[in-house]
Amino acid sequence: MSEPKPPTPTPGDTYKGWLFKWTNYIKGYQRRWFVLSNGLLSYYRTQAEMGHTCRGTINLATANIAVEDSCNFVISNGGAQTYHLKASSEVERQRWITALELAKAKAVRMQAESDDSGDDCPTLPPTSGQGGGCRNSEVQSTLRTLGSKVEDLSTCNDLIAKHGSALQRSLSELEGIRPGGDMGEKIRQVTERATLFRITSNAMINACRDFLTLAQTHSKRWQKALQVERDQRIRLEETLEQLAKQHNHLERAFRGATVLPPSFSNPAIDTKGSGGSGKGDASDEDDENEFFDAMEDPAEFITVPADPKYHKRSGSNVSGISSELGMDDQSLDEQSLASNPESPQPLEVELVKQRRTHIPDKPNYSLNLWSIMKNCIGKELSKIPMPVNFNEPLSMLQRLSEDLEYYELLDKAAKCQSSLEQLCYVAAFTVSSYSTTVHRTGKPFNPLLGETFELDRLRDCGYRSLCEQVSHHPPAAAHHAISERGWTLRQEIALASKFRGKYLSIMPLGSIQCIFEKSNNHYSWKKVTTTVHNIIVGKLWIDQSGEIDVVNHRTGDRCHLKFAPYSYFSRDVARKVTGVVTDKDGKAHYVLSGTWDEKMEFSRIMQSSKGENGTEGKQRTVYQTLKAKEIWRKNPLPEGAETMYYFSSLALTLNEPEEGVAPTDSRRRPDQRLMEAGRWDEANAEKQRLEEKQRIARREREREAVKAASPPEEADAEEIGTEASEVSDETDTEDSPPHTPVASPYGPPLSPFLTEGMEGPYGTPVKSTHQDNYQALWFKKIDDAMSGETMHVYSGGYWEAKDQGGWDICPDIF
């Protein structure tokens with residue numbers, strides 16, 4: 001028994017179903033979901049894609065439909081697009097062919113009607129005055145006529161139903177009677193009722209024809225009227241936009257005239273000033289420069305140009321004026337410095353020390369990485385003894401100091417009047433610290449306990465900083481920087497790392513804080529995860545991923561930054577960073593976007609609203625923003641950087657020898673100095689000597705701690721136990737510190753003496769940590785009241801000791 005044929009699709013119906021589409025010679029025919037609607041044939045990979053991703057569409061009005069065999073057919077629109085399709089059966093193919101032919105006929109007819117000039121239908125005048133009244137009366141008259149036609153159709157429908165029922169009864173009676181005298185009478189009744197049904201049906205058909213003709217006639221006129229209204233709306237929008245630009249131009253000109261001091265009334269200076277404003281006027285005439293999207297389309301939110309009405313501003317402060325008028329940072333800084341009576345004015349020019357711009361090229365040493373790494377999978381990186389071949393000639397303390405390469409961002413932040421705008425500069429500073437890592441695949445030297453590094457740029461940059469390795473159980477470094485421009489930066493960083501064979505993950509622990517003297521704003525944030533890919537095979541490359549919350553603890557303002565991980569299938573730019581600055585109430589004021597290896601921009605938010613659901617089903621926020629302004633751009637690398645470990649201009653100067661630094665300074669570290677000179681074999685031998693010296697010093701501190709904490713009769717036994725444990729610590733090198741206490745999921749870290757024999761995360765054995773009475777030399781541990789965190793802060797005395805040349809308290813670590 002054949003399959004029942006479904007109703008033939010009528011023009012305008014939506015027809016859907018699965019078909020097999022030819023893709024290529026490798027994959028052949030693939031099953032796709034096709035949708036025929038409004039003269040367009042579209043296809044998707046699955047039905048779920050109909051809401052967001054269409055894979056292709058053909059307009060049937062210009063398409064050719066050809067049948068190849070019992071199940072295959074081809075749709076082509078002249079060569080640009082050709083679909084080779086196959087149905088599951090001949091019946092299914094015939095259904096699709098019928099639906100496609102009907103849809104094509106309707107599409108061709110609709111296209112011909114739209115191309116018709118409609119000379120019999122004059123263009124309606126604009127809706128204004130008397131013309132508007134005439135149009136309204138005409139529309140009302142047409143609606144009344146159509147209403148009467150609909151009533152006629154309803155009446156005819158009732159009559160058809162009535163006479164059809166009567167005719168059906170007569171036919172039933174005719175079948176049930178026997179031949180006789182009543183036969184003629186019954187036949188006469190059936191004939192009369194059939195005649196009535198035919199007359200009523202003809203009336204119905206005529207009424208439908210009249211209604212269709214009238215509807216088609218007025219439909220063309222209404223379409224033309226709608227097009228006229230659309231054209232008028234477009235012209236009004238263009239006029240409104242031009243008026244908004246003219247208003248904005250006049251407002252800027254007025255502000256420029258009122259902000260300038262009386263001394264600028266000189267005609268020559270006025271001409272120069274007008275030239276500067278003329279540049280801004282030229283940009284005003286460019287639509288794309290005046291209004292454009294500030295960011296790419298991230299997952300959480302999207303941005304659109306703000307309405308022109310938001311360009312009207314009060315201009316109550318210099319910082320706000322600079323943001324809205326697009327003034328560059330240099331002019332703002334000069335204006336702020338000129339108007340600030342407290343800014344120091346140099347009485348004489350001081351000679352700035354010339355820094356080096358080149359270091360010895362990196363030697364081409366071959367090394368079998370797998371021979372070292374194959375037994376280290378799953379271990380923490382700090383527990384792997386690494387040769388200098390994988391290092392770069394800088395210590396971790398010097399890498400921390402590299403965060404100050406873009407110190408100008410904090411200088412500008414210190415001048416901001418608005419805490420929200422200041423937060424934008426602080427957020428840009430956090431992103432800029434990763435720009436030096438994009439090509440830096442070398443591992444920095446792990447600092448020895450008590451090692452320090454000073455970066456004195458007081459004369460040429462207005463700041464100086466100090467780093468110290470304050471702990472080796474676990475390894476932790478403290479950093480303190482202070483600037484004459486009114487900001488202080490301090491951080492304590494410890495690293496947790498895991499080697500997973502193909503990649504290496506480095507998770508920084510600890511927080512960074514920045515305090516501004518004038519406003520007393522106190523910011524804090526943490527670093528994101530760094531991942532080194534292709535450890536075993538391929539070219540090494542680095543990615544940054546995660547989220548950062550920069551919090552102003554005084555005002556409650558917050559900037560949420562998102563570092564998007566690299567994905568081969570993503571359409572976004574690589575190394576993308578997005579962020580939103582919100583106040584304590586959660587209201588968004590600025591959006592930031594860019595990349596952590598190139599630049600960052602920020603835009604003022606004028607209005608926000610909830611948009612449609614994204615591809616992941618999450619509702620995204622739509623921000624209307626003003627023109628984006630570049631807030632940070634990466635400095636170009638020096639010439640020949642690829643042979644100098646891809647060091648930046650600042651990094652090249654960090655290990656430059658200087659007089660007067662502390663004996664514990666990283667510049668004096670011998671293995672690092674030998675590596676920079678290209679003498680790697682000697683550097684490896686010196687590195688082993690320093691590690692052994694550090695182990696001896698640690699054991700001595702442990703013995704002293706045991707003696708101080710135990711009674712005299714127990715001290716000897718404890719000392720014997722300590723000496724016995726040294727055998728298991730022979731692998732505890734500078735790159736392999738002892739295990740740290742394990743944090744309990746229900747409270748503070750467990751006591752190191754109670755964790756012996758227990759298991760840590762993922763079943764790893766926990767080893768007891770020896771007592772160590774080491775105290776940092778220049779830093780002390782405090783509980784920060786503002787952020788609520790415990791960290792090492794600078795206790796003072798270093799720079800005074802440097803001025804006096806008194807380094808007697810420094811330990812001999814080298």
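A polar contact is a pair of N or O atoms within 3.5 Å, of which, within protein, one must be able to donate a hydrogen and the other to accept it. In this predicted model, the side chains of Asp-403 and Gln-491 make such a polar contact, at 3.5 Å.

- Asp-403 is found in the loop that runs between helix H9 (396-401) and helix H10 (408-415).
- Asp-403 has a relative accessible area of 8% and is therefore buried, the limit being under 20%.
- Not counting residues up to four places away in sequence, Asp-403 touches Phe-429, Ser-433, Gln-491 and Lys-527.

**Nonpolar cores**

- The largest nonpolar core holds 66 residues, of which Trp-487, Leu-489, Phe-516, Trp-525 and Phe-563 touch the most other members.
- Helix H11 (residues 419-432) supplies the largest share of this core, with 9 residues.
- When neighbours within four places in sequence are left aside, the residues in contact with Leu-489 include Leu-404, Phe-429, Ile-512 and Trp-525. Also among them are His-479, His-480, Ala-481, Gln-513 and Cys-514.

**Helix H11**

- H11 is mostly covered, as 14 of its 14 residues are buried.
- At 1.5 Å a residue, the 14 residues of H11 should span 20 Å, and the end C-alpha atoms of H11 are 20 Å apart, so the two values agree.
- The N-terminal end of H11 is capped by Ser-418, a side-chain oxygen of which lies 3.3 Å from the backbone nitrogen of Leu-420.

**Aromatic pairs and clusters**

- The whole structure contains 21 aromatic pairs.
- In one of them, the rings of Tyr-425 and Phe-602 have centres 6.2 Å apart and planes at 55°, so the pair is tilted.
- This pair links distant parts of the chain, since Tyr-425 belongs to helix H11 and Phe-602 to strand S23 (residues 599-613), 177 residues apart. Both Tyr-425 and Phe-602 are buried.
- The ring centres of Phe-516 and Tyr-523 lie 5.8 Å apart with the planes at 85°, so this pair is edge-to-face. Phe-516 and Tyr-523 are both buried.
- One aromatic cluster is formed by Trp-778, Tyr-798, Trp-799 and Trp-807.

**Charges over rings**

- Arg-31 lies over the face of Trp-18, at 3.9 Å from the ring centre.
- The charged end of Arg-575 sits over the ring of Trp-596, at 5.8 Å from its centre.

**Residues with positive phi**

- Most residues other than glycine have a negative phi.
- Arg-575 has a phi near 60°, a positive value in a residue other than glycine. Its place is in the loop between strand S20 (558-563) and strand S21 (576-582).
- Arg-575 counts as partly exposed because its relative accessibility is 28%.
- Tyr-645 likewise has a positive phi, near 65°, and lies in the loop between strand S25 (629-633) and helix H12 (649-654).
- Tyr-645 has a relative accessible area of 8% and is therefore buried.

How values were computed. Residues are numbered from 1 along each chain as its sequence is written. This is a predicted model: local features need pLDDT of at least 70, side-chain atom pairs count only at pLDDT 80 or more; totals for chains, interfaces and linings use all residues. Side-chain values use heavy atoms; hydrogens and water are left out. A nonpolar core is a set of buried Ala, Val, Leu, Ile, Met, Phe, Trp, Tyr and Cys residues joined through side-chain atoms within 4.5 Å. Buried means under 20% relative accessible area, exposed over 50%, partly exposed in between (1.4 Å probe, protein chains only). Helices (H or I, at least four residues) and strands (E, at least two) are DSSP runs, numbered from the N terminus. Contact means heavy atoms within 4.5 Å. Rings of Phe, Tyr and Trp (its six-membered ring) pair if their centres lie within 6.5 Å; planes under 30 degrees apart count as stacked, over 60 as edge-to-face and the rest as tilted. A charge sits over a ring if NZ of Lys or CZ of Arg is within 6 Å of the ring centre and within 35 degrees of the ring normal. The expected span of a helix is 1.5 Å times one less than its number of residues.
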